[in-house]
Amino acid sequence: MSQNLQGNYTCLAKNVLSGRHRKVTTELLVYSPPPSAPQCWAEVSPGLFSLQLNCRWAGGYPDPDFLWTEEPGGVVVGTSKLGVEMLSQSQLSDGKKFKCVGSHIVGPELGASCVVQIRSPSLLSEPMKTCFVGGSVTLTCQVSGAYPPAKIMWLRNLTQPKVVIQPSGHHLITQSGQSSTLTIRNCSQDLDEGYYVCRAENAVGVREVDIWLSVKEPLNIGGIVATVVSLLLLGLAIITGLLLYYSPVFCWKVGSTFRRQDMGDVMVLVDSEEEEMEEEEDAAEEEEEEASEREESPIEITKYGHIHRVTALVNGNVDQMGNGLQALQEEPLLLAELKPGRPHQFDWKSSCETWSVAFSPDGSWFAWSQGHCIVKLIPWPLEEQFIPKGFEAKSRSSKNETKGRGSPKEKTLDCGQIVWGLAFSPWPSPPSKKLWARHHPQVPDVSCLILATGLNDGQIKIWEVQTGLLLLNLSGHQDVVRDLSFTPSGSLILVSASRDKTLRIWDLNKHGKQIQVLSGHLQWVYCCSISPDCSMLCSAAGEKSVFLWSMRSYTLIRKLEGHQSSVVSCDFSPDSALLVTASYDTNVIMWDPYTGERLRSLHHTQLNPPMDDSDVHISSLRSVCFSPEGLYLATVADDRLLRIWALELKTPIAFAPMTNGLCCTFFPHGGVIATGTRDGHVQFWTAPRVLSSLKHLCRKALRSFLTTYQVLALPIPKKMKEFLTYRTF
C-alpha cells in the first residue's frame, strides 16, 4: 500500500434486464508518516516580550501530534496539533534548549524530533575610533551567536536614558544581516566626540558595547616632529644617566661578583648608604679574598623555614647590542631557589604546588604560593648572598623602610585553602588608607600595599602586606579562583577569574563590593590580564579562543581565535600595544588587541640534542609574560624548559632547564625571572638587562596613549606606521 493509492473508489452495479443501475463511492485513506524529519524554529512575537516556538512535520497523514519540552530535564512546555508554543519572558535564558517531538499514529514508535537553542547576542566592535574635524568615520558593530536574530540600534551615551540615533544627513546607518555600521559625516569636536553605544536585543537578552570616538584637529607635522625630537632628547638623557650608572668600574665589579662571589658569607639585608660607602672603601680587600675562593658546588642554607639553594654565577659581561646594552649569557643562570623547609601533613585541602608567584609593583616584596594553603611574603631584594649586586632592586621603599620602621620581616599567611592566584595592588594606593583605617583602627596610618589571594573554595582574601592582617574576604565565585589582576591605575578595582566559568569585578574602595559578573566562557577560566592603560581585559579559558572585554563598560569587545587547543595564559605588553597568549598547542600567539590581528606565532620545538637523556616530551605551555621594558618574553612549558624570547626573533635566545614549571613572572625593574613549580619550589633566574634603543623608547611612549587606529590615522610614512604598530617582524 502506497500513498498514491489514496483517493475515492466507486463501485457501479447494473441490472441488464431492467436497465437499472446503482453506484457506491468509498474514500480510501492511506495512513503514512511524514517522509522527512521535523523542522523547528523560533521567532519573536510583536513587542519582544514573548517568543514563539514553531515545529513543522509535513507530508504525512493524518497530521502528527507535537510535544515541546525543555532540555535537559524533559520538562513539558506544551502539546498541540499545530506545533506552536508561546513562551513568556520568564521561561527564556541564554543557551536554553527546547525539543519538539512529533508522534504519528503509524510510527516511528519513538517519534521524530528537532531542537531549538536560543542565545542572547554577543557583540564585537572596535573599542576606539578617531576622526579628524571635518572628516568622516565609520563605526562597525558585529552581532554573533544571537538566536532568534537580534535587532541592532545605535545610541549616544550622553544622557540617561541614552539617545537613539536616527538616520540623517549627519548620521548614516546601514545594516547587512547581523552587522551594522554608523557613518558620521563632517565630524565636530563639540557635537560628535564621546561614547557611542551599539545595542543588540532579542527576546533572550540585551548586549551593549561602547565605542569611544575621538575627534581631533588635523595633525600638525611640525608638532609631531617636535614631539619626536623631545622624546629623542629624553631618551638620550636616560641613556646618558644609565651609561654613567653602568660605568666600566661598575661593570668590572659586577663581573667580579658573578665570577668570584663568596658563597660563604652570612646573609644580610639591603645595603644602606653607609654600608655601601664602607664596601667601596674595602673593595680592594674584598676582591683579594674573592680571588682566593671560588665556589663550584651549590650551597644550601636554612633560614626562615626554607632551604635556599644558590648556584655559582658566571658571565657578567656587558656588551653592545642592537637594542642597547644588555647582559649576555648562553642561558639564564640560577640565582636562588626557595623550597618549603619542613614536611607537611597531606590532607583533603592540602597541595604542594606553587601555582602563582608575584612581585609587588615597586619591587619591595615577593609573594610565594608555597603550597599547603600557605603564602610567604618575602622582603626583596633577597640577602646579597643570593642576588648579586648587579641585580639588586633600586626601589624607593626598601631604604625608606630600613631607615624608618626597621627592616621588613618575612610573613606567613595561612589562607586555610589551597592558594591558586596572587596579585599585588599598585603602589601606593592612597584610597585604601581610609578604608583599612576605618575597619581596622589598629593598622598604622601608612600607604597600604595589599595582596589578594584566590582560594580553592571560591573565596578571595585581601591582606595588608606590611602587617600581614586579613582585611577583607570576598565571596561570590562557586569554584576555584584561578587568577587575579588589579587595575594598574591604582583604583583598587580587582578582577578575578574562576573555574565557575566567570570573571568578577570587585571594588575594594567600596568594601569589596562586586560590581560586575562577566560570563560567556564555556570552560574554566585560567587567566586574566588588564592592559596597562586600563582600557581592556583579556581572559583565557580552556577554549581555543580568548576574550577581550572593555574595562569601561564591562562588555565583550571581541574574541581572538587562532589557537588549536586550550589557552591557559595571557599578558599585555607594557605599552598595551601587544597581547600574548599561550596554549596547550605549544604555541604563543602575539596579537594586536585593538584590531584583533594575529602578528606572530612562537612555536616551542624540542631542543636537539635534548637537555638530558630522558624522553623530553613537547607538551603544554603553562605561562607567558612580558619583560618590564617590553622587549622580551618568558615562557614555561611541560618540556622542562624556561625559554626567553626576543620580541623581534622567532626563536628563543636562551633556555634554562627546570622541572614541573607552572608559572613565571619578571622582576618589575628587570634582570630577574621568578618561576614556580609543582614541587612547591621557586627559582630565580637571570634575565637580559637592556638599555632600550631610542626608537623603542619613542614607540613605547607613543603607544602608551595612542591606539593602533590612531597611529594608522597619522599622516606619517608607512614604514613608521609599521614600526609603531609592531608590524616590522
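**Reading disulfides, a core and a helix face**

Modeller: Start with one bond. The torsion about the S-S bond of cysteine 40 and cysteine 114 is about 60°, so this disulfide is right-handed. Keep in mind that this is a predicted model.

Biologist: Which parts of the chain does the pair tie together?

Modeller: Cysteine 40 sits in strand β3 (residues 39–44) and cysteine 114 in strand β9 (residues 112–117), so the link ties parts 74 residues apart in sequence. The S to S distance is 1.6 Å. Cysteine 40 is buried, at 18% relative accessible area. Cysteine 114 is buried too, at 11%.

Biologist: How many disulfides does a search of the whole structure find?

Modeller: First the general idea. A disulfide is a covalent bond between the sulfur atoms of two cysteines. Here the search finds four. One of them joins cysteine 55 and cysteine 100, with the sulfur atoms 2.2 Å apart.

Biologist: Is the link of cysteine 55 and cysteine 100 left-handed or right-handed?

Modeller: Left-handed, with -90° about the S-S bond. The pair links distant parts of the chain: cysteine 55 is in strand β4 (residues 50–56), cysteine 100 in strand β8 (residues 97–103), and they are 45 residues apart. Cysteine 55 has a relative accessible area of 5% and is buried. Cysteine 100 is buried at 0%.

Biologist: What about the link of cysteine 131 and cysteine 187?

Modeller: Its S to S distance is 2.1 Å. The torsion is 100°, and the link is right-handed. Cysteine 131 lies in strand β11 (residues 128–132), while cysteine 187 lies in the loop between β16 and α1 (189–192), 56 residues apart. Both cysteines are buried.

Biologist: What pattern do the disulfides of the chain follow?

Modeller: Count the bonded cysteines along the chain. The pattern is 1-4, 2-3, 5-7, 6-8.

Biologist: How far is the sulfur of cysteine 663 from the closest cysteine sulfur?

Modeller: It is 7.2 Å away, in cysteine 664, and that is too far for a bond. At 8% relative accessibility, cysteine 663 counts as buried.

Biologist: Now the core. Which residues touch the most other members of the largest nonpolar core?

Modeller: In soluble globular proteins, nonpolar side chains tend to be buried together. In this model, the largest nonpolar core has 21 residues, and Leu139, Trp154 and Ile184 touch the most other members. Elements giving two or more residues to this core are β12 (137–144), β13 (151–156), β16 (179–184), β17 (194–201) and β18 (206–216).

Biologist: What is leucine 139 in contact with, leaving aside its neighbours within four places in sequence?

Modeller: Its contacts are Lys129, Trp154, Ser180, Thr181, Leu182, Ile184, Tyr196 and Ile211.

Biologist: Last, a helix. Which residues of α8 are buried?

Modeller: An α-helix has 3.6 residues a turn, so residues three or four places apart point the same way. In helix α8 (residues 694–703), the buried residues are His696, Cys698, Arg699, Leu702 and Arg703. Seen down the axis of α8, they fall within an arc of 160°, so they line one face of the helix.

How values were computed. Residues numbered from 1 in each chain as written. Predicted model: local features only at pLDDT ≥ 70, side-chain atom pairs only at ≥ 80, totals over all residues. Heavy atoms only, no water. Core = buried A, V, L, I, M, F, W, Y, C linked by side-chain atoms within 4.5 Å. Buried < 20%, exposed > 50% of the residue type's maximum accessible area, 1.4 Å probe, protein only. Helix = DSSP H or I, 4+ residues; strand = E, 2+ residues; numbered from the N terminus. Contact = heavy atoms within 4.5 Å. Disulfide = S-S within 2.5 Å. Arc of directions from axis to C-beta.
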